[in-house]
Amino acid sequence: MPSSSSIAQARRTVQQLRIEASIKRIKVSKASSDLMRYCGEHAKNDPLLMGIPASENPFKDKKPCTVL
Amino acid sequence: MAAEKAEMDALKKECDALRTQIEAARKAVNDSSMSAASGGATAVGRVQLKLRKTLKGHLAKIYAMHWSADSRQMVSASQDGKLLVWDTFTGNKLVAVPLKSAWVMSVAFAPSGNLVASGGLDNICTVYNIKAASPKTLRELDAHTGYLSCCRFLSDTEILTASGDTTCCLWDLETGKQKVIFTNHIGDCMSLALSSDMNTFISGACDSLAKLWDVREGACKQTFSGHTSDINAISFFPSGNAVITGSDDCTCKMYDLRADQEVIGYQDTNLNAGVTSLALSSSGRLIFAGYDDFNCHIWDSLKGEKVGVLSGHDNRVSCTGVPADGMGVCTGSWDSFLKLWN
């Protein structure tokens with residue numbers, strides 16, 4: 001016999017599924033091209049993709065230079 | 001009695017119908033795949049990052065780390081019972097916060113840099129002021145009935161937590177009280193990530209689901225399935241339109257929020273270790289995923305191919321983070337060290 005709490009739980013599940021069913025979806029092809037475009041537009045500013053010159057690298061240990 | 005059974009049957013029937021409707025709606029927009037679309041994208045080639053620093057100081061497993069918004073300071077948490085705040089440019093330790101409970105699982109830096117928070121098996125999220133002469137406990141947020149797996153500040157006055165009690169929670173730091181409780185997961189919540197506009201957040205849990213939530217309303221807006229085991233790590237793609245997850249099923253996945261489904265998966269038959277953590281490079285093109293196999297593997301997010309690896313730890317990589325300026329990657333491990341790569 002379903003308890004009142006399991007009925008309440010089932011009602012909540014239905015409510016939640018109604019919310020999730022009602023959203024508007026875009027096509028995967030459009031989603032993919034938007035993601036690709038974002039990566040393309042930001043690639044030149046991505047230090048881990050472009051590489052970092054040694055003089056600008058904040059994590060690189062700076063060794064002392066001796067002028068001979 | 002019969003009325004209750006009838007209602008239950010009707011509710012079950014409606015659940016099944018709604019689930020079928022959602023699957024059909026997702027299928028209807030599934031007109032292509034990301035891997036097909038990304039065929040035309042430039043390849044990233046082999047990504048070879050160098051180890052720049054090894055940060056030594058913890059005496060036991062590191063469980064969590066979080067970059068400060070200044071991209072220079074970073075906080076780490078270890079089961080040696082300490083949080084350490086580091087200056088990553090010099091490798092110096094700036095602050096050491098002794099913890100009441102050594103069983104820490106999560107740590108967070110507030111965007112202001114004034115506060116850090118941590119929590120774990122004590123079920124409590126403790127917030128510390130690290131700008132005081134010596135670290136001062138500001139608040140103990142104690143209401144979860146399970147372990148604290150993740151925490152993230154919205155500001156100096158609000159923090160989000162994820163818990164093994166299957167809920168997430170938004171707290172008011174001025175009162176120390178819960179403002180909103182997010183219930184819908186049916187397994188321990190393991191990880192959360194906040195959107196850049198702070199209106200939504202995503203959670204990953206042991207029920208193998210990722211969920212998108214409205215921060216203010218407390219409502220679950222979308223649910224993403226596909227993983228076959230616990231989701232341990234979750235992050236937003238920088239545009240805010242997609243979510244990346246990492247799981248004990250040894251795979252990562254990208255779900256697009258507007259298409260409401262998985263668009264690409266990241267898996268390798270030779271990779272049989274669970275994913276513990278993940279972080280994205282600033283353009284979103286590279287995914288740095290920490291695994292139980294002691295490595296951090298690097299994935300091309302668009303093509304779904306492995307493009308590099310960060311090797312050097314002698315135990316599980318438990319946490320991974322990229323600072324806001326994207327200048328490097330930090331990995332933390334059960335071997336007690338943090339490593340900085342770029």
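This is a predicted model: local features need pLDDT of at least 70, side-chain atom pairs count only at pLDDT 80 or more; totals for chains, interfaces and linings use all residues.
The interface draws 65 residues from chain B and 42 residues from chain A. Together the two chains bury an area of about 4600 Å², and carbon and sulfur atoms account for 68% of this area. Within chain B, the residues that lose the most area to chain A are B:Arg52, B:Arg258 and B:Met327, which together contribute 14% of what that side buries.

Five salt bridges are found between chain B and chain A. A salt bridge joins the side chains of A:Arg18 and B:Glu14, with an N to O distance of 2.8 Å. On the side of chain B that touches chain A, two or more residues each come from helices H1 (2-29) and H2 (34-37) and from strands E1 (51-55), E17 (220-224), E20 (252-256), E21 (261-266), E23 (286-291) and E28 (338-341) of chain B. Helix H1(B) supplies the largest share of this side, 15 residues. By residue class, the side of chain B that touches chain A comprises 30 nonpolar, 19 polar and 16 charged residues.

No disulfides are present in any chain of the structure. For B:Cys168, the closest cysteine sulfur belongs to B:Cys189 and lies 3.9 Å away, which is too far for a bond because a disulfide requires sulfur atoms within 2.5 Å. B:Cys168 is buried, its relative accessible area being 0%. B:Cys206 likewise takes part in no disulfide, and its nearest cysteine sulfur, that of B:Cys189, is at 8.5 Å. B:Cys206 has a relative accessible area of 26% and is therefore partly exposed.

B:Ser318 lies in strand E26 of chain B, which spans residues 317-321. With a relative accessibility of 12%, B:Ser318 is classed as buried, because this value falls under the limit of 20%. The side chain of B:Ser318 approaches the backbone oxygen of B:Ile62 at 2.5 Å. Apart from residues up to four places away in sequence, B:Ser318 touches B:Ile62, B:Tyr63, B:Thr276, B:Ser277, B:Gly332, B:Ser333 and B:Trp334.

Definitions and conventions:
Residues are numbered from 1 along each chain as its sequence is written. Chains are lettered from A and ligands numbered from 1 in the order in which they are written. Side-chain values use heavy atoms; hydrogens and water are left out. Contact means heavy atoms within 4.5 Å. Buried area is the accessible area (1.4 Å probe) that two parts lose on being put together, summed over both. A salt bridge is a side-chain nitrogen of Lys or Arg within 4 Å of a carboxyl oxygen of Asp or Glu. Helices (H or I, at least four residues) and strands (E, at least two) are DSSP runs, numbered from the N terminus. Ala, Val, Leu, Ile, Met, Phe, Trp, Tyr, Cys and Pro count as nonpolar, Asp, Glu, Lys and Arg as charged, and the others, Gly among them, as polar. Buried means under 20% relative accessible area, exposed over 50%, partly exposed in between (1.4 Å probe, protein chains only). A polar contact is a pair of N or O atoms within 3.5 Å; within protein, one must be able to donate a hydrogen and the other to accept it, and residues adjacent in sequence count only if both atoms are side-chain atoms.
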